[in-house]
Amino acid sequence: MVRVRPALAQLPSYVPGRKLPGAAALASNESPYGMLPGVVGRLGELAGGVSRYPDMSAASLVRALAEHHGVDPDRIAVGAGSSEVCAQLLHSVVGPGDEVVFGWRSFEAYPILTAVAGGRAVRIPLREHTLDLDAMAEGINGRTRLVFVCNPNNPTSTAVGARALRDFADRVPDEVLIVVDEAYREYADPALVPDALDLLGERPNVVVLRTFSKAYGLAGLRVGYCVAPKEIAATVRKTQVPFSVSALAQEAAVVALGERAEVARRAALTVAERERVTGRLRALGFEVPDSQANFVWLQLADTSAEFALHCLSGKVVVRPFLGEGVRVTIGLPEENDALLALAATWRG
Ligand SMILES: Cc1ncc(COP(=O)(O)O)c(C=O)c1O
């Protein structure tokens with residue numbers, strides 16, 4: 001009998017948001033606006049060119065990203081979504097039994113990818129739905145190799161500010177990698193939520209993680225990246241599955257980066273809708289923390305599953321976390337209206 005690694009036996013699989021034809025898809029934090037106009041055209045031109053392997057170094061994309069962030073291209077490593085880059089980072093620094101610290105609840109992939117890498121997940125409870133950076137710093141010890149700071153945090157939508165993040169980084173030993181996951185950066189208010197690259201980017205142990213899956217509308221093509229110190233980026237590149245970022249994904253990401261004005265316009269629409277939805281939900285009596293992302297968090301505790309079913313009955317798919325809360329992605333205005341109508345008829 002082939003023996004499967006014991007660490008994986010108890011591991012839950014990643015649960016994706018449900019897809020229901022004809023329903024409002026508010027369960028996966030995707031952009032509701034579809035592909036950017038330039039991306040549609042370029043993919044059509046390229047579709048015939050995929051009989052060859054893609055450029056494994058993703059040179060054009062890396063160049064475009066380096067320019068976008070004003071950093072040396074050596075500092076960038078790409079992957080098939082920032083999920084793969086998370087895995088690459090873990091494989092770069094985590095050995096058997098090493099510890100990985102993160103707030104909890106946070107992005108569901110952190111514990112899964114940590115276990116797959118052979119590490120031990122150390123979950124630090126949130127405080128008031130927000131990362132407790134003091135407790136996270138205290139959770140670091142001699143076995144800790146990496147700490148994820150999800151800012152804004154998925155699924156609770158809250159963010160930590162510049163001072164708290166800098167103070168935290170000051171407390172983390174240089175040999176521990178701090179990965180600031182900024183998947184939702186484009187939806188955050190820059191006056192309240194720091195760009196970790198600006199704030200901490202020159203530190204030798206800080207990596208900033210970004211994705212094209214959210215504001216750039218490319219969730220289905222799988223492309224993400226990190227900006228890291230050069231030596232770390234070089235190792236992260238070694239841990240990538242060869243050719244994991246397809247030619248289409250690379251090209252689309254380059255074009256999408258060039259459509260910054262449209263990305264910003266769409267993000268602003270989402271933020272305006274987020275504020276409308278939050279205000280209305282609060283008026284209905286729901287407790288909703290201030291969101292800095294493209295989703296809101298409903299603190300429904302034991303009624304979370306029931307609320308999700310209630311939404312499903314009205315053809316709106318949301319994401320329940322049993323016993324904790326429900327994450328609702330901000331969609332198009334009419335999708336948000338459908339959600340609000342269901343919230344108004346909820347008798348939890
Ligand atoms: C905080 C966070 N990080 C990373 C990801 C991964 O996104 P992707 O692999 O599509 O880039 C997600 C996706 O939901 C997320 O919420």
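In this predicted model, three strands form an open sheet in the order 9-12-11 with antiparallel pairing, where two strands count as paired if DSSP finds at least two bridges between them. Strands (E, at least two residues) and helices (H or I, at least four) are DSSP runs, numbered from the N terminus. Strand 9 and strand 11 are the edge strands, each pairing on one side only. Neighbouring strands of this sheet are turned by 20° against each other on average, direction ignored. Strand 11 and strand 12 (residues 325-329) run antiparallel and are joined by three bridges; proline 320 has valine 326 in strand 12 as its bridge partner. The model is a predicted one, in which local features need pLDDT of at least 70 and side-chain atom pairs count only at pLDDT 80 or more, while totals for chains, interfaces and linings use all residues. Residues are numbered from 1 along each chain as its sequence is written.

A second open sheet comprises seven strands in the order 2-8-7-6-5-3-4, with mixed pairing. Its edge strands, strand 2 (76-79) and strand 4 (120-125), each pair on one side only. From one strand to the next, the twist averages 25°. Strand 3 (residues 99-104) and strand 4 run parallel and are joined by six bridges, with glycine 103 opposite isoleucine 124 in strand 4. Helix 5 (residues 109-116) packs on this sheet, touching strand 3, strand 4 and strand 5 (144-150), and its direction makes about 155° with that of strand 4. Axes are lines fitted to C-alpha atoms, for helices over the stretch in contact, and angles run from 0 to 180 degrees between N-to-C directions.

The protein is divided into domain 1 (14-34 + 261-344) and domain 2 (37-258), with bounds that come from an automatic or database domain assignment. Taken over C-alpha atoms, the centres of domain 1 and domain 2 are 24 Å apart. Each domain is represented in the contact, with 24 residues from domain 1 and 24 residues from domain 2; residues are in contact if their C-beta atoms, placed from the backbone, lie within 7 Å. On the side of domain 1 that touches domain 2, the elements giving two or more residues are helix 11, strand 9 (295-298) and strand 11 (319-321). Helix 11 gives the most to that side, with five residues.

Helix 11 (residues 260-283) also approaches helix 13 (residues 333-344), their axes coming within 11 Å and crossing at roughly 10°. Helix 11 is therefore roughly parallel to helix 13, a class that covers angles under 35 degrees, whereas those over 145 count as roughly antiparallel, 65 to 115 as roughly perpendicular and the rest as oblique. Glu273, Val277, Arg280 and Leu281 in helix 11 meet Pro333, Asn336, Leu340 and Ala343 in helix 13.

Helix 4 and helix 9 (residues 230-238) pack at about 105°, with their axes 8 Å apart, and are therefore roughly perpendicular to each other. Gln88, Leu89 and Ser92 of helix 4 make this contact with Ile232, Thr235 and Val236 of helix 9.

Helix 4 (residues 81-93) also gives the most to the shell around the ligand, with three residues. Of the 13 residues around the ligand, Gly81, Ser82, Ser83, Thr211 and Ser213 come nearest, a residue being near if its C-beta atom, placed from the backbone, lies within 6 Å.

Methods
Contact = placed C-beta atoms within 7 Å.
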